[in-house]
Amino acid sequence: MLGAASYNRHQSQIHILYDAMESNLDYKILNTLFMQIKPVHIVVCNLINGTFLKIIKQLAYDGKINMYANSSTTVNSILDEKIHVLPKWCFKFKTCEQLILSMPLASAPKNKESRIRYIRSLVDFTQELAVCALGALLYFMDNSLERLNLPSNFTILSLRILNMNDLVWLGISTYESLQIFSAHEHPSANNWIVKSNKDNGLSSSIFSLLNRCNSVFSSEYLKNILAQPTKNLDVLRYRHESIMVKLNGGNASIYQWKSLYQSVLNAIKIGEICGRYCEEINLFRKINNSLKGSLYNMASSMTRIIDFEQSTKQDKFIVNTGVLPELDEKKLKIKNMSHVLDVMTLIELQDLPSHIQECSICKWPELGFFLCIPIWKHSSEMTENDYKIQNLEFKFQMANDVYYKTSRCYELDKFFGEIEYGIIKEETQTMIKLTELITQYWISDLHAILYLISELDCLIGFAEVAQDLTLIKPKMLPKEKCMIHIVNGRHILQEQYVNKFIPNNYNSSKMNQTIKILTGFNSTGKSVYLKQVALISYLCHIGCYVPAEYVEISVLDHIHTRIQSTESVSTLMSAFMIDLKQMSVAVNESTCGSLIILDEFGKGTSELNGLALLLASISHFVHRPLHLLPHIIVSTHFYSLPNLLQQIINTNILYHNIKFLSMSYEIVNSELVSSYMVVDKKINQNLSMAHHIAALNGLPTTIVQRATQVLQSVQNNEYVNPMVENLRFELLLRRKQYIGNLLEHIQVDGITEGIFQDLVDDLENIRYPQKY
């Protein structure tokens, strides 16, 4: 069982994951939790299982921790600045319960009894693991304010419950294989927000393709949508409805105050617009229902209290005229300061020596009032005694002005200083009271509507992408239907990089074989087809339209892939071991509501062993009951696989559950031409185009020819003749000859256009020799 809680410092928000059954095979809940939360600090109990702690470290450091270090490693030896181990008493239920009931929740009533009742209505205290996790989190926050950069009086603005029950599970490798996120956009990265590449119209990931959001908040919400594909049909349907409407036819700095004010006004405006269409669209109805009177009160209060024009000019919080009469009176005195200074200047001038004909009283910020006297002699003639004037205190000289303090200046400092202090004090108190009012009564309603507006922003982006790329609305069916039907599907990323993309069909159901085995030569489009089916299925489960002519799909609970294997020295696992791990998860976790993509499974070991493992895995799936048989697509270069399956599986069972497909091609003038079409037939197991494709990809002709000779000898059970020519020596001679010819032409004849072309041809023949 797993329970968890987290705190978002930027949003001052607590997230709670109620107790859930975790799989110790792939820790899918933990993986999804880390992907969604992106934790900076992790708190665990000192009684935690060592293996589980290593899993946490793996996730915390993006797989850079050695999972297979010495098992005798103690808990204390793997502590660091990111993972914090607390004693077991910090996780005791009673202790945690008290911490939760006393947490600084802004929306909780002041009265103790009312506060307890309110918090108990928000937190389910029967979820013991989640309660213990939240209590330990609060304890850690209280005792780590400096480390977490939190004020001593930090406030929690709201609580959110994380729901994992409706998620479609995808492994980290699946997200990488399907290019849901690129490396710098990945949820585990610190700075993940990036705009889609609109300059060239191309996108390197699903996130960059769909990210047409108008705010950072919405981009973050989009990241959560992509990280949490759902099988909740109601959610998927109202997202589709929202897209269809768009296709058919809306102690803070003053900058933060202005942003908050603008957010409230925009939320109200959007809520009112959605109210006009709330009868048609579920999401619009939710937004309109979230438009409560508290938001109008918040906007009205901020409009009445804050003078945004003066606040912007002075870069501080300024209260409007008419809010506080005493404050207005003080500001009026400051406003009339110039008149007071003019009078005081005349009085000061009368007390000055007769040779001084002019003066003024000015105010310096932070320093106060000064009597400013222009120098009455040339600066070179001024002596130290000239600066000494009776009853005046010399302070400094700047250019041709001399500044003094007088008794009247000190009186002005005191008089206006007290007034200015009073203004600052009253405006600060007003700001604090307004802040408390917002955080205690209004901010939770603002958060609620902003979440919905962010979702609307994401769905408007989905609609724009659907319009630009000619996407269609998929038909979503209940899980029990167990079917995926795709007509002329396309790879949403791949088609952006080619002039013409060849679409393909996919049909899997209880009545139409759920296991597809796809064979074909290299570079004929097998991997693209596999990813295409997986991506269309994935897009269906985030509520997006899909690239196809028609899609009918029942909700899935897993999408498992074995497409790519990224080796890491920290895991001490070879690529083949990673392949086996991915296959193990697919075999043990899959149901009839799962999609399994296997791209060349078994290639990481010897051909015989790899073929045997793939054969046994397919046999295992075939003999499952129909209600447990997942949708499976296998691509392979084991061309003997179909014949071997026929030998070990009953013919009726085989053809009822398995369909053999291949990538079509033609041989034109001894050249392989792929049509990138999936056809219903088996490939000739004795035919191989590997050497031809090697030549097309630049492998020297001599190597390809030698490989062909060796292959023919092996197939005919003949002796493989050793190479007689010393190709390396011949190549060195040709290089030496080429350099000699080049130097001769430079020194004697010069390099004409014809000679230059001959040299280029010779150089090309050295790189890819035709004779040697």
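Analyst: This is a predicted model. Start with two helices: H15 passes H17 in a left-handed crossing.

User: Which residues make the contact between H15 and H17?
Analyst: H15 brings Glu326, Leu327, Lys330, Lys331, Lys333 and Ile334. H17 brings Phe416, Ile419, Glu420, Gly422, Ile423, Glu426 and Glu427.

User: What's the angle between H15 and H17, and how far apart are the axes?
Analyst: About 140°, with the axes 10 Å apart. H15 covers residues 325-335 and H17 covers 407-469. Angles over 145 degrees would count as roughly antiparallel. The pair is therefore oblique.

User: Switching to strands. Is E10 enclosed or open?
Analyst: Largely enclosed by the rest of the structure, because four of its five residues, 401-405, are buried.

User: Which strands pair with E10?
Analyst: E8 (residues 368-374) does, antiparallel, over four bridges. Pro374 of that strand stands opposite Asp401. E9 (residues 393-398) also runs antiparallel to E10, with five bridges. There, Met398 has Asp401 as its bridge partner.

User: How many residues sit between E9 and E10?
Analyst: Two, and the strands form a hairpin. Ala399 in the turn has a positive phi of about 60°.

User: And E13, which face is covered?
Analyst: The one with Asn504, Tyr506 and Ser508. Asn505 and Asn507 are on the uncovered face. Asn507 is also the bridge partner of His485. E12 (residues 484-489) pairs with E13 in the antiparallel sense, over four bridges.

User: What does UniProt list for 594-610?
Analyst: Its unreviewed entry gives "domain: DNA mismatch repair proteins mutS family". In the model, that span is 24% helix and 35% strand, and its end C-alpha atoms lie 24 Å apart.

How values were computed. Residues are numbered from 1 along each chain as its sequence is written. This is a predicted model: local features need pLDDT of at least 70, side-chain atom pairs count only at pLDDT 80 or more; totals for chains, interfaces and linings use all residues. Side-chain values use heavy atoms; hydrogens and water are left out. UniProt positions are given in the numbering used here, feature names are shortened, and annotations may be inferred rather than shown by experiment. Buried means under 20% relative accessible area, exposed over 50%, partly exposed in between (1.4 Å probe, protein chains only). Two strands pair if DSSP finds at least two bridges between them. Axes are lines fitted to C-alpha atoms, for helices over the stretch in contact, and angles run from 0 to 180 degrees between N-to-C directions. Angles under 35 degrees count as roughly parallel, over 145 as roughly antiparallel, 65 to 115 as roughly perpendicular and the rest as oblique. A crossing is left-handed if the near helix is turned anticlockwise from the far one by less than a right angle, and right-handed if clockwise. Contact means heavy atoms within 4.5 Å.
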